[in-house]
Amino acid sequence: MLGGVKLKQALLLLICATGMAFGQTGAGTLTGVVTDATGAAIANVAIVATSADRGTKLTGATSSTGNYTIPQMPVGRYQVEVAQTGFKTIKRENVLIAAAQTLRLDLTLEVGATSEAITITAETTLLQKDTGALVRNISPDQIQNLPVLPVGTFIRDSYALAVTLPGAVSGGSGFAPRMNGLPAGSNQYRV
């Protein structure tokens, strides 16, 4: 009898832990507002984000206030396209969505035919205007190409790689680096 109760408790604990694990996600979110040249919000505009890596399309639309959100976007580079009758089509390339990131991308439409297109190829900003956070992501190619192998161990040390980012200094006696003057141990790492 006692063994059966413990087994039921263990199963209940396992089920609860499994549910929490499914709640974790590495996906990001794209949000912003679509306006015209005067700054007025444009409602019911279709937003299409196409993954440069996979070719998959994720869609969203602006609300009555011109705001849009595309949640649960897999990590990667996207081309964001906005088309609305009476306005030129905007294509924003190299939009990088990082793990657990909420990226704000405000777009301004110019009056013209939808067959006319404006393509913006610049990288998105690293400053998160909504949160004030400064986010920097390191791609797998960068990890493979940086000589961060400690002498004699021949392993890649993610903490040593983090010290290469702007604002980071070696943590001294500990392994973790200090970022932008914060005390040791106050960093977050998402892998």
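**Exercise 1. Strand S2 and its partners**

Find the residue of S5 that is the bridge partner of Thr-50, then describe how S2 pairs with S5 and with S3.

Solution. 
- Step 1. Thr-50 has Gln-79 as its bridge partner in S5. Helices (H or I, at least four residues) and strands (E, at least two) are DSSP runs, numbered from the N terminus.
- Step 2. S2 and S5 run antiparallel and are joined by six bridges. Two strands pair if DSSP finds at least two bridges between them.
- Step 3. S2 also pairs with strand S3 (residues 57-61), in the antiparallel sense and over five bridges.
- Step 4. Within S3, Ala-61 stands opposite Ala-46, and Leu-58 is the bridge partner of Ala-49.
- Step 5. The hairpin of S2 and S3 has five residues between the strands, and Gly-55 in this hairpin takes a positive phi near 80 degrees.

The structure is a predicted model, in which local features need pLDDT of at least 70, side-chain atom pairs count only at pLDDT 80 or more, and totals for chains, interfaces and linings use all residues. Residues are numbered from 1 along each chain as its sequence is written, and side-chain values use heavy atoms, with hydrogens and water left out.

**Exercise 2. Chain totals**

State the secondary structure content of the protein chain, its order along the sequence, and the totals for burial, contacts and surface.

Solution. 
- Step 1. The protein chain has three helices and eleven strands.
- Step 2. Along the sequence the pattern is α-β-β-β-β-β-β-β-β-β-α-α-β-β.
- Step 3. Of the 191 residues in the protein chain, 26% are buried. Buried means under 20% relative accessible area, exposed over 50%, and partly exposed in between (1.4 Å probe, protein chains only).
- Step 4. Among contacts with a separation of 6 or more, 53% are between residues 24 or more positions apart. A contact means heavy atoms within 4.5 Å.
- Step 5. The accessible surface comes to about 12300 Å², and carbon and sulfur atoms account for 60% of this surface. Accessible areas come from the Shrake-Rupley method with a 1.4 Å probe; for residues, only the protein chains shown count as cover.

**Exercise 3. The largest nonpolar core**

Solution. 
- Step 1. The largest nonpolar core has 20 residues. Such a core is a set of buried Ala, Val, Leu, Ile, Met, Phe, Trp, Tyr and Cys residues joined through side-chain atoms within 4.5 Å.
- Step 2. Strands S1 (28-36), S2 (46-51), S4 (67-73), S5 (76-83), S6 (89-97) and S8 (107-109) each supply at least two residues of this core.
- Step 3. The residues with the most contacts inside the core are Leu-30, Val-34, Ile-47, Tyr-68, Val-80, Val-95 and Leu-107.
- Step 4. Beyond its neighbours within four places in sequence, Tyr-68 is in contact with residues including Leu-30, Thr-31, Val-34, Ile-47, Ala-61 and Leu-107.
- Step 5. Thr-31 lies in strand S1 and counts as buried because its relative accessible area is 13%. The side chain of Thr-31 makes a polar contact with the side chain of Thr-69 at 3.2 Å. (A polar contact is a pair of N or O atoms within 3.5 Å; within protein, one must be able to donate a hydrogen and the other to accept it, and residues adjacent in sequence count only if both atoms are side-chain atoms.)

**Exercise 4. Two loop residues**

Solution. 
- Step 1. Ile-138 is in the loop between strand S9 (117-120) and helix H2 (140-145). At 29% relative accessibility, Ile-138 is partly exposed.
- Step 2. The contacts of Ile-138 are Ile-143, Leu-161 and Leu-165.
- Step 3. Gly-167 is in the loop between helix H3 (158-162) and strand S10 (168-169). Gly-167 is partly exposed, at a relative accessible area of 38%.
- Step 4. The contacts of Gly-167 are Arg-178, Met-179 and Asn-180.
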